[in-house]
Amino acid sequence: MGAGHDHGHAHHAPTSGTAAAAYRGRLRIALSITLTVMVVEIVGGVLADSLALVADAAHMATDAVGLGMALLAIHFANRPPSGNRTFGYARAEILAALANCVLLLGVGGYVLFEAIQRFITPVGTQGGLTVVFGAVGLVANMISLTLLMRGQKESLNVRGAFLEVAADALGSLAVIVSAVVILLTGWQAADPIASLIIGVMIVPRTVKLLRETLDVLLEAAPKNVDMAEVRAHILALPGVEDVHDLHAWTITSGMPVLSAHVVVGSDTLDAIGNEKMLHELQGCIGDHFDVEHCTFQLEPGGHAEHEAKLCH
């Protein structure tokens with residue numbers, strides 16, 4: 001490899017597994033809790049004729065699918081790279097998060113539709129049974145939220161599961177409140193109103209998660225990496241004349257990467273050598289930015305114009 005074409009890699013190796021892998025056990029516990037409560041709420045919804053309980057159970061079912069996909073994605077994401085898939089299956093986590101978004105939007109739309117139908121054709125709901133089953137769901141959701149609280153800050157995949165459970169917890173609370181209103185006043189409209197609240201809670205959070213997921217798939221710069229600041233730090237290094245083809249993107253949660261072509265003066269390269277220059281660049285990025293993997297191509301002045309001619 002000729003001088004000016006050396007490639008450097010981050011001074012720290014990738015951590016073992018993806019960000020979500022550390023929470024595999026907690027996701028399994030949350031999945032077991034979710035499946036149990038889903039069955040309980042379906043039974044309760046049928047017995048009490050409560051749409052709010054059925055809606056919460058439907059959302060629980062979506063959570064169960066989402067948690068299952070999250071666990072499956074972690075399994076694939078931690079498979080070793082191959083010749084054709086040089087980053088392995090790390091992107092599977094993001095695809096699972098995208099699938100979660102689609103499911104959540106579908107459930108949200110269904111709940112909203114059914115709630116409107118109940119306003120048109122009212123149905124009697126048994127408040128006492130609804131309170132009991134709603135309380136069971138709330139307690140279970142709070143346990144799952146506690147298990148996933150830390151992981152949701154580190155992984156989009158875990159965050160998707162966390163947001164689903166959080167919406168469920170709020171949904172269970174809405175179910176309890178509506179049931180208490182029915183018990184105290186006999187106002188049956190409280191049940192479809194609670195269902196509307198559950199549906200409305202699902203959609204905005206899902207849209208936010210969808211936006212973040214699409215940013216990863218579209219290879220947008222990581223939110224915590226200011227590209228103008230990265231460029232400024234590189235240009236501030238002694239001997240660096242220019243930087244171009246600067247890119248930063250995210251493979252999956254907790255795995256940001258960066259690449260750049262750096263133009264370095266010949267006098268600098270002669271004085272300190274390519275290896276020292278690469279160490280300076282790696283240290284610059286590693287000390288100031290949380291980037292998992294960096295690749296630099298060192299170029300002499302005028303090389304960018306040469307590349308442009310070759311491309312044309």
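How exposed is aspartate 49, in terms of relative accessible area? Aspartate 49 is partly exposed, with a relative accessible area of 33%, where buried means under 20%, exposed over 50% and partly exposed in between, for a 1.4 Å probe and protein chains only. The model shown is predicted, and local features need pLDDT of at least 70, side-chain atom pairs count only at pLDDT 80 or more, while totals for chains, interfaces and linings use all residues. Residues are numbered from 1 along each chain as its sequence is written, and side-chain values use heavy atoms, with hydrogens and water left out.

**Figure 1. Overview of the protein.** The protein has nine helices and four strands, helices (H or I, at least four residues) and strands (E, at least two) being DSSP runs numbered from the N terminus. Along the sequence, these elements follow the pattern β-α-α-α-α-α-α-α-β-β-α-β-α. Of the 312 residues, 47% count as buried. Contact means heavy atoms within 4.5 Å. Among the contacts with a separation of 6 or more, 75% are between residues 24 or more positions apart.

**Figure 2. The largest nonpolar core.** A nonpolar core is a set of buried Ala, Val, Leu, Ile, Met, Phe, Trp, Tyr and Cys residues joined through side-chain atoms within 4.5 Å. The largest such core has 23 residues, of which Ile234, Val262 and Phe296 touch the most other members. Two or more residues come from each of α7 (227-235), β2 (240-250), β3 (256-264), α8 (266-288) and β4 (293-299). The greatest contribution, six residues, is made by α8. Apart from residues up to four places away in sequence, valine 262 touches Ile234, Val240, Asp242, Val243, Leu281, Phe296, Gln297, Leu298 and Glu299. A second, separate core of 17 residues includes Leu31, Ala70, Leu148 and Val165.

**Figure 3. Helix α1 against helix α4.** The axes of α1 (residues 24-48) and α4 (residues 127-148) come within 9 Å and cross at roughly 170°; axes are lines fitted to C-alpha atoms, for helices over the stretch in contact, and angles run from 0 to 180 degrees between N-to-C directions. The two helices are therefore roughly antiparallel, a term for angles over 145 degrees. Residues of α1 in this contact include Ile33, Val37 and Val40, and those of α4 include Phe133, Val136 and Ile143. The residues of the contact divide into 15 nonpolar, five polar and two charged. Here Ala, Val, Leu, Ile, Met, Phe, Trp, Tyr, Cys and Pro count as nonpolar, Asp, Glu, Lys and Arg as charged, and the others, Gly among them, as polar.

**Figure 4. Aspartate 56 in helix α2.** Aspartate 56 is found in α2 (residues 51-77). This residue is buried, with a relative accessible area of 0%. Beyond its neighbours within four places in sequence, aspartate 56 is in contact with Glu41, Asp168, Gly171, Ser172 and Val175.

**Figure 5. Two aspartates with positive phi.** Most residues other than glycine have a negative phi. Aspartate 49, in the loop between α1 and α2, has a positive phi near 55°. Aspartate 245, in strand β2, has a positive phi of about 50° and is partly exposed, with a relative accessible area of 38%.

**Figure 6. Cysteines.** The whole structure contains zero disulfides, a disulfide being a pair of cysteine sulfur atoms within 2.5 Å. For cysteine 284, the nearest cysteine sulfur is that of cysteine 294, 9.5 Å away. Cysteine 284 is buried, with a relative accessible area of 7%. Cysteine 101 also counts as buried, at 1% relative accessibility.

Technical notes: Angles under 35 degrees count as roughly parallel, over 145 as roughly antiparallel, 65 to 115 as roughly perpendicular and the rest as oblique.
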